[in-house]
Amino acid sequence: MEALFSLPFQVFICPNLKLRKPSWLKTPSPMFVFALILVSYFLVTGGVIYDVIVEPPSIGSTTDANGKSKPVAFMAYRINGQYIMEGLASSFMFLLGGCGFIILDQTNKPSLPKLNRIILLAIGLLAILVGFFVSRVFIKFKLPSYLGN
Amino acid sequence: INSKQLKMLQSKVLMRHPMLKWFLMSHEKQSYVLQLAILSLAMILSFCTRLFSVIRFGSMIHEFDPYFNYRTTKYLAEKGFYEFHNWFDDRAWYPLGRIIGGTIYPGLMVTSTALYHLLNTFNFTVDIREVCVFLAPLFSSLTTLVTFLMTRELHSTGAGLFAACCISIVPGYISRSVAGSYDNEGIAIFCMLLTYYFWIKSVKTGSLCWSACCALSYFYMVSAWGGYVFLVNLIPIHVLCLMLTGRFHHKIYVAYSTFYCLGTVLSMQISFVGFQPVQTSEHMGALGVFGLCQIYSFVEYVRSKLTKENFTALFRTILMFSLGCFALFFAVLTLSGKVAPWTGRFYSLLDPSYAKNNIPIIASVSEHQPTAWSSFYFDLHVLTIMFPVGLYYCFKNLTDHNIFVILYGVTSIYFAGVMVRLMLVLAPIMCILGGIGLSSVASTYVRNIDLTRKEDKKSKKSADNYPIKSEVALVVVCIVGAFMMFYAQHCVWVTSEAYSSPSIVLSAETAHGRIIFDDYREAYWWLRRNTPPDAKVMSWWDYGYQISAIANRTVLVDNNTWNNTHISRVGQAMSSPEERAYPIMRELDVDYVLVIFGGLSGYSSDDINKFLWMVRIGGSTPSGEHIKEHDYYTPQGEFRVDKLGSKTLLNCLMYKLSYYRFGSMYTQTGQPSGYDRVRNAEIGNKDFELTYLEEAYTTEHWIVRIYKVKKPDNRGNLV
């Protein structure tokens with residue numbers, strides 16, 4: 001049996017290679033994976049797939065009474081239609097709100113200096129409130145009859 | 001006072017004020033009663049919020065697909081299971097017919113019929129239609145319960161209660177489970193969450209019993225919805241992820257092996273699924289991971305028996321050999337066609353541009369469009385903000401079951417982004433992760449609240465580096481409460497305005513009050529009462545199920561859209577002029593043609609607006625090669641129905657059937673006769689007569705128009 005295995009090596013010479021797994025390749029930390037997921041969440045909720053398939057313009061435009069064309073930021077009256085910019089702006093707002101809560105969680109560490117804690121609290125609360133209320137304002141632009149009758 | 005005197009005092013107080021019993025219960029009992037109360041309120045709420053359309057329009061089945069489910073449920077209730085299982089329907093897809101027994105997911109019908117028979121044995125003689133209408137709200141209550149149980153396993157009871165409250169009113173789920181929407185998704189979400197709950201239990205305990213329950217509920221899921229493919233790929237991905245992160249142990253081995261073996265055998269009992277679990281690529285992932293589990297466990301076993309050097313040598317050779325063999329084997333199977341590649345509908349999830357370029361029917365369904373940001377916000381509101389928070393808390397303490405939830409969330413975000421319809425699959429995990437996020441935030445901050453009086457606080461020295469701790473905590477908890485209130489307001493508004501329309505009955509607000517347009521049912525009942533029972537009706541495929549169920553007549557094409565060539569033939573008939581459409585209609589034995597027209601009432605989902613799809617699908621097969629889409633546009637590339645419209649469009653059958661006699665109608669003040677209120681134009685071809693058809697019936701608001709196809713003359717074409 002050994003003779004059979006040694007046959008190829010009568011013809012071939014093994015090169016003197018030292019192959020090792022590169023040292024920079026290791027399993028990523030949970031928070032790194034979480035950051036990647038946040039980036040993909042930003043893209044998907046911003047409607048990137050919709051943008052790729054339907055190819056809407058980045059900003060819409062209408063012509064007003066004088067014939068001049070005015071830019072339109074939000075595609076109105078349609079729930080499932082968007083321009084590229086409005087999609088990315090809105091998903092940024094979602095992410096801002098989410099990050100506000102994450103920052104708030106970080107402020108509970110007992111070993112934080114006082115100034116840092118106050119700044120983090122302020123940023124966190126501001127992010128949450130801005131994210132939530134601006135999203136509401138955006139959907140009101142899109143659907144003028146939102147929360148009306 | 002000692003304990004005996006205390007007890008006497010307590011019983012005296014209780015006798016005079018029995019309501020104070022609450023305060024004398026132990027904390028565990030209090031919290032248990034609170035949990036029960038909140039959960040029951042959430043379940044009742046989820047049932048009630050889905051009843052808007054029943055209150056406004058009455059108890060009827062909505063949309064298109066539910067009518068098919070209703071018709072098959074009636075058949076099952078009347079004729080029994082064996083007749084249902086072997087049913088060949090010759091009244092749809094004339095002349096081809098449809099094997100209903102083998103092309104249907106029977107879970108929904110069997111559930112309704114079981115409930116119907118159960119109620120009738122107790123002499124509650126409800127009609128089968130009522131059971132069908134109210135089945136989805138009932139199952140949504142059960143979904144609320146299962147979500148609570150699942151989130152409690154994943155995190156804590158508080159998170160479970162938050163998640164249950166969120167899912168009871170989340171619009172993404174309500175849209176497909178409102179009362180009257182009798183569709184597979186109504187029970188499928190319940191089955192899916194039940195399967196996931198049992199899976200998490202079996203991963204946590206490693207017990208055979210829970211894994212068997214998981215397999216049984218997987219069987220119920222497979223019988224209910226084609227979306228079981230998502231489950232059968234998510235669970236193997238979870239196991240694979242656990243292997244890669246080094247968390248694989250005997251509990252997961254037991255759980256997955258039991259689930260895969262029992263689940264696959266059970267899923268093959270459904271005739272529609274048949275042998276797919278061993279033949280199609282969509283199921284190969286599960287098989288692969290099953291094999292990998294066995295190999296991994298065997299390797300671990302061998303490693304525990306051998307010395308280190310022997311083991312590494314053996315391991316390397318076997319790994320390389322087996323990987324090579326397996327890859328070769330799999331490639332041979334795929335290339336030789338034994339293992340079918342991913343089918344169209346599922347392939348378009350992986351490559352979203354596939355449907356747009358290759359299969360116009362899939363691309364034309366509005367539910368299959370990709371999702372814009374406003375659909376996310378509209379269907380989920382504050383949960384879009386809480387989803388990353390929940391993910392963060394899951395990543396903070398990674399456990400085996402948290403990894404499952406993370407994978408579920410990430411994959412369903414992607415799929416919901418590709419297809420609007422799959423927002424339904426995203427809604428439960430958004431609620432679960434949102435519940436986890438909200439509960440973690442609330443519980444962290446409620447701990448900081450210190451409601452003792454000001455004088456006591458001064459004596460307690462609060463940590464110097466955390467000023468106004470209690471006030472900030474109060475603010476945060478109030479924000480969480482306010483978010484939930486805004487969420488509730490949004491969800492109820494969305495349910496009431498957007499998702500409670502039966503589609504078969506339309507309503508509009510005018511200065512004189514509310515008008516109801518019941519034209520569809522009027523036309524179908526006219527067909528049912530005034531045409532011979534074996535009459536064949538040609539219409540576009542959208543209305544096939546409704547015509548079969550309500551009018552009880554044979555149709556040519558319906559919403560199942562399984563035969564593109566047949567639909568293309570109907571499209572060719574609609575797009576051709578009358579002389580060329582008549583031979584097609586004679587070939588297909590058509591007696592009546594039904595078109596939907598919105599020009600008089602302003603109803604915008606009519607056949608003229610869908611006409612370009614008829615042209616595209618009609619021109620997509622060899623017999624329709626003469627039909628080219630650009631013939632129907634003006635030279636400038638516009639789709640117009642007025643004088644400037646293309647001659648091909650103004651003379652085709654669909655145009656003539658929609659606008660017959662419309663040229664003499666005055667529709668709007670200040671506009672000439674024949675003004676189309678949807679296209680906002682005066683029609684170009686007004687006074688024409690039909691040669692081969694005659695008008696049979698037009699409904700009150702001209703929404704549905706039925707024409708009779710004339711028989712050929714006795715003495716040939718003297719025209």
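Predicted model: local features only at pLDDT ≥ 70, side-chain atom pairs only at ≥ 80, totals over all residues.
Local features need pLDDT of at least 70 and side-chain atom pairs count only at pLDDT 80 or more, while totals for chains, interfaces and linings use all residues; side-chain values use heavy atoms, with hydrogens and water left out. Residues are numbered from 1 along each chain as its sequence is written, and chains are lettered from A and ligands numbered from 1 in the order in which they are written.

**Second largest pocket**

The second largest pocket holds about 730 Å³ of space. A pocket here is an open set of points on a 1 Å grid over the protein atoms alone, where a 1.4 Å probe fits, with protein on both sides within 12 Å along at least five of seven lines; lining residues have an atom within 4 Å of a point. The volume is the space filled by probe spheres set on the points, which are joined across faces, edges and corners. Of the 25 lining residues, B:G291, B:L292, B:I295, B:L319 and B:S322 are the closest to the centre. Two or more lining residues come from each of α16 (284-305) and α17 (308-335) of chain B. Helices are DSSP runs of H or I with at least four residues, strands are runs of E with at least two, and both are numbered from the N terminus. Helix α16(B) gives the largest share, twelve residues. By class, the lining has 20 nonpolar, three polar and two charged residues. Ala, Val, Leu, Ile, Met, Phe, Trp, Tyr, Cys and Pro count as nonpolar, Asp, Glu, Lys and Arg as charged, and the others, Gly among them, as polar.

**Aromatic contacts**

The whole structure has 56 aromatic pairs over all chains. Rings of Phe, Tyr and Trp (its six-membered ring) pair if their centres lie within 6.5 Å; planes under 30 degrees apart are stacked, over 60 edge-to-face, the rest tilted.

| Pair | Centres | Planes | Class |
|---|---|---|---|
| B:Y520 and B:Y603 | 6.3 Å | 85 degrees | edge-to-face |
| B:Y660 and B:F688 | 6.3 Å | 45 degrees | tilted |

B:Y520 lies in helix α27 and B:Y603 in the loop between β7 and α31 of chain B, so this pair ties together parts 83 residues apart in sequence.

B:Y660 sits in the loop between α33 and β8, and B:F688 in the loop between β9 and β10, so their pair ties together parts 28 residues apart in sequence. B:Y660 is buried at 12% relative accessible area. B:F688 is buried at 11%.

Ring pairs also link a cluster, whose members include B:Y105, B:W199, B:Y218 and B:F290.

Charges meet rings too. B:R50 lies over the face of B:Y173, 5.0 Å from the ring centre. The charged end of B:K536 sits over the ring of B:Y94, at 4.8 Å from its centre. The test asks for NZ of Lys or CZ of Arg within 6 Å of the ring centre and within 35 degrees of the ring normal.

**Annotated spans and A:S145**

An unreviewed UniProt entry places "domain: STT3/PglB/AglB core" on residues 536-593 of chain B. That span is 52% helix and 12% strand, with end C-alpha atoms 9 Å apart. In chain A, an unreviewed entry marks "transmembrane region" at residues 31-53, 83-103 and 118-139. UniProt positions follow the numbering used here, feature names are shortened, and annotations may be inferred rather than shown by experiment. Residues 31-53 of chain A are 91% helix and 0% strand, with end C-alpha atoms 32 Å apart.

A:S145 is in the segment after α6 (114-142) of chain A. A:S145 is partly exposed, at 45% relative accessible area.

Note on methods: Buried < 20%, exposed > 50% of the residue type's maximum accessible area, 1.4 Å probe, protein only.
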